Amino acid sequence: MLATMVARSRRAWMVSGVLAAVISLTGAAHAQIWRGGFGFYAAPKHPTESTFAGAFNHCRLVFDSDHREKRGWSTDYPGADINFSVRLAELTKTRITRDKTGDPDYITVTPTDPALFQCPYVLVEDGGSARFSDPEVLRLREYLEKGGFIFSSDYWGTRAGEQWDEEISRVLPSEKYPIVELGPEHPIWKSMYVVKEIRQMASIQFWRRSGGGISERGEDSALVEAKGIADAHGRLMVVMVHNSDIPDGWEREAEDAQYFYRFSPDAYAVGIDVVIYALTH
């Protein structure tokens with residue numbers, strides 16, 4: 001009973017906290033929330049000498065795609081990166097690095113960029129279109145085995161699922177590092193918020209176009225899969241959420257109230273749990 005009450009309390013606090021932040025967008029701290037629209041292009045934002053200042057920088061992996069699924073590495077960029085950083089700072093005690101304007105200092109890194117090793121967490125979007133070169137495979141393996149962490153989301157359907165599994169299994173060979181299911185009992189889903197179910201979340205474009213649909217590839221993406229890869233000590237190195245667009249709940253929170261209420265609180269709960277786990281394991 002006590003555990004249930006605590007879980008409900010945490011959930012209520014998280015939802016009310018996010019909603020209060022959105023309602024207060026006119027405040028100085030909340031003016032940083034991304035309000036861009038679909039099709040906005042932003043160039044990769046490379047780290048500088050002053051980037052890593054001892055606080056959290058949201059890192060995103062830049063990679064080559066061999067076919068079009070969404071927008072490749074830049075799907076939901078930079079809005080998801082900005083908004084997640086803002087909410088992480090508001091909803092937890094995590095300090096985030098800010099640039100000279102006061103905005104979150106999010107960055108992008110390639111697999112062979114030395115700055116990758118400064119990132120305790122990197123986001124991979126549309127990873128079902130990724131193809132890594134042999135040198136990239138080796139560097140990503142080194143990064144993960146030395147304590148790095150990848151969160152992969154927003155890749156849909158059989159083809160994308162198989163391709164991402166294939167590429168990440170080149171990085172972490174499955175005979176040593178098997179891909180396993182991450183059920184609701186796994187500690188990652190209790191890092192801060194109790195996530196009992198990874199909900200399916202469609203991009204705002206698909207949701208609007210389909211009249212509220214959430215499976216972007218129809219029957220081929222009907223089920224959400226939460227999977228992971230751990231090291232010999234049980235530390236997760238990779239977390240993968242297949243058939244759900246978690247980062248769109250971050251990026252699009254200020255564009256549509258209905259979309260926000262339906263998806264964003266759960267999207268932030270998943271993302272914050274993942275990042276807190278990555279930062280503490």
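Tutor: With a definition: a salt bridge is a side-chain nitrogen of Lys or Arg within 4 Å of a carboxyl oxygen of Asp or Glu. The model is predicted.

Student: Which residues are linked with Asp 134 in a network of salt bridges?

Tutor: Asp 134 pairs with Arg 170, with 2.9 Å between the closest N and O atoms. That pair connects helix H3 (residues 134-145) to helix H4 (residues 157-171). Besides Asp 134, the network holds Asp 66, Arg 131, Glu 166, Glu 167 and Arg 170.

Student: Is Asp 134 buried or exposed?

Tutor: Exposed means over 50% relative accessible area. Asp 134 has 55% relative accessibility, so Asp 134 counts as exposed.

Student: How many residues apart in sequence are the parts tied together by Arg 217 and Glu 69?

Tutor: The two side chains meet in a salt bridge at 3.3 Å, N to O. Arg 217 lies in the loop between helix H5 and strand S6, and Glu 69 in the loop between S1 and H2, so the parts tied together are apart in sequence by 148 residues.

Student: Which residue forms a salt bridge with Arg 60?

Tutor: Arg 60 is in strand S1, and the partner is 21 residues away, in helix H2. Both residues are buried. The closest N and O atoms are 2.7 Å apart, and the partner is Asp 81.

Student: How far apart in space are Ile 107 and Lys 45, C-alpha to C-alpha?

Tutor: Ile 107 is in strand S2 and touches Lys 45, among others including Arg 60. Ile 107 and Lys 45 are 62 residues apart in sequence, but their C-alpha separation in space is 5.1 Å.

Note on methods: Residues numbered from 1 in each chain as written. Predicted model: local features only at pLDDT ≥ 70, side-chain atom pairs only at ≥ 80, totals over all residues. Heavy atoms only, no water. Helix = DSSP H or I, 4+ residues; strand = E, 2+ residues; numbered from the N terminus. Contact = heavy atoms within 4.5 Å. Buried < 20%, exposed > 50% of the residue type's maximum accessible area, 1.4 Å probe, protein only. Lists of a residue's contacts leave out its neighbours within four places in sequence.
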